[in-house]
Amino acid sequence: MLVRLDCALADWDASLLKSTVAGLTLFKRHLLTWKRVEADRIQIAAGEAADEISRLARKISIEGLKVEVAAEFEPEPHGEIVIDQRGDTLLDPKMVRRLTRQVRLLLEGSKGQCPKSLSLIDDRPAHYPPDEKSPYQVGVADDHDLQYVAGEQGDKKGEAHRLGLEVHLPDGQASPRRVSIGRHYWHRISSAQDTRPAQRKVLLATMKATDGIYARTNRRVSLLISRLLLPTPVTPNMVTVGTFFGSLAAGVLYAFGTYPAMLAGGFLAWFSSMLDGVDGELARAKFQQSDFGCWLEMVCDYLFYVFLFTGMGIGLYRSTGDIWWLGIGVESVAAVVLAFWVVALQRRRYGEEGEDVGEYGTAFQKRVEAEQDRSPMAFLARKLTFLATRAAMPYYIFFFTLLGLVKVLMGLVFLGTNVALVLAASVTRLFGRRTPKASRASDQPAP
């Protein structure tokens, strides 16, 4: 797959090199986006700025990505997928990844009847407000994500605008097609003034399709923190380690056993859940995702429960003198550890099949949704999973602690951890060794 990036049409100095969006220049974002979808090479037409951009490309030097810079494009090669992109247009990496997946599926099933080209369009103008169409969900895919359309109109709301991304398919026979991008974001960058709304779009697109009401509430805080951290050298793994120490401190406060200390622990647990979204937002916004980071976050998430439930058990024992609370705490922690082991095994299998381990949670939820009508366990898992999420549980923990109902909370924890363990084991056994891949109905090319 060859990507041809047209940088000669724009003010390359202002839009490519000096305009920084979410901590990265637009030029580096282009390269990282295509590196993520495993493009073979990138040709850059830079006009009179060829020497300058060539030096910049060598300085950035992204491993595994071949970059060729010239004044103008070479002749289009025969028998190869070629993608032309405007150099002044910021594109959603998820949209690009989904598009390239659709193109490959289209070629595999075309039998020589694939279209000559695909053009990405949108009914929104180049500088549409970041929150338009779907507040706090600009880049989250929905049922209308990347749909093939006919004619010159994207939909009934207005004229379809070309994004500046054209895909030329080898040996195409059918008529060119147009693809409406749905909720995915894009933005023209012509000056430094365009970077602020563009950054807002990048941050909103870091949200997950599986975010519930609690996660969305937390995003209102975490996105603000992420925006402050984007221009700094703080990495997602640093934030993850910070939430680890926050969880540890919350558990220690609960272990004191007094109402003020437990209330402070509940508040710290709640605030730590706010920070929990920052590492993922930074990773997706700055292209710093890694398998290690995903596993580190998973371990720290489960340690959050271990620290908190251990602290509650010790605190209730110290305040009541009843050793029964220690037993409940130990058993609850054991259930959490076993559940971690079950989920970790399934997640490892998911990664071994070449999938992105960071998408395991979303893929697993989609599989549960697909199976819930046939399996009671899948149905229960679908209905109850949100209660045990890192985003939701701290709200309940703080609420019960505020009302002085830590004993009731500990009883619910004992029940909930064991139910979660049974559901995790049952659903995993239901799927066997099959990977819970996400539903890709929207990825399938139109007939």
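In sorting residues by class, Ala, Val, Leu, Ile, Met, Phe, Trp, Tyr, Cys and Pro count as nonpolar, Asp, Glu, Lys and Arg as charged, and the others, Gly among them, as polar. With these classes in hand, one may turn to the model, which is predicted. It contains one cavity of 30 Å³ or more, and the volume of the largest cavity is about 40 Å³. The residues that line this largest cavity are R29, H30, T33, W34, Q85, L90 and L91. By class, three of the lining residues are nonpolar, three are polar and one is charged. Helix α2, residues 26–36, and strand β7 each contribute at least two residues to the lining; the greatest contribution comes from α2, with four residues.

L90 belongs to strand β7, which runs over residues 89–91. Is L90 buried or exposed? Its relative accessible area is 2%, and because buried means under 20%, L90 counts as buried. Beyond its neighbours within four places in sequence, L90 is in contact with V21, L26, R29, Y185, W186, H187, I189, A198 and V202. The C-alpha atom of L90 is also separated by 9.3 Å from that of L163, although the two residues are 73 residues apart along the chain.

In soluble globular proteins, nonpolar side chains tend to be buried together. The largest nonpolar core here has 62 residues, of which W34 and L118 touch the most other members. Leaving out residues up to four places away in sequence, W34 touches V3, A39, I42, I83, Q85, V96, T100 and L165.

The last stop is helix α7, residues 236–255. How far apart should the ends of its 20 residues lie? At 1.5 Å a residue, α7 should span 28 Å, and its end C-alpha atoms are 29 Å apart, which agrees. The buried residues of α7 are P236, V239, T240, T243, G246, S247, A250, G251, Y254 and A255. An α-helix has 3.6 residues a turn, so residues three or four places apart point the same way. The buried residues of α7 pack against α6 (213–229), α8 (259–285), α9 (291–320) and α13 (393–402). After α7 comes G257, whose phi is positive, near 85 degrees.

Definitions and conventions. Residues numbered from 1 in each chain as written. Predicted model: local features only at pLDDT ≥ 70, side-chain atom pairs only at ≥ 80, totals over all residues. Heavy atoms only, no water. Buried < 20%, exposed > 50% of the residue type's maximum accessible area, 1.4 Å probe, protein only. Contact = heavy atoms within 4.5 Å. 1 Å grid on protein atoms, 1.4 Å probe; cavity = no way out; pocket = protein on both sides within 12 Å on 5 of 7 lines; lining within 4 Å. Points joined across faces, edges and corners; volume = space filled by probe spheres on them. Expected span 1.5 Å × (residues − 1). Core = buried A, V, L, I, M, F, W, Y, C linked by side-chain atoms within 4.5 Å.
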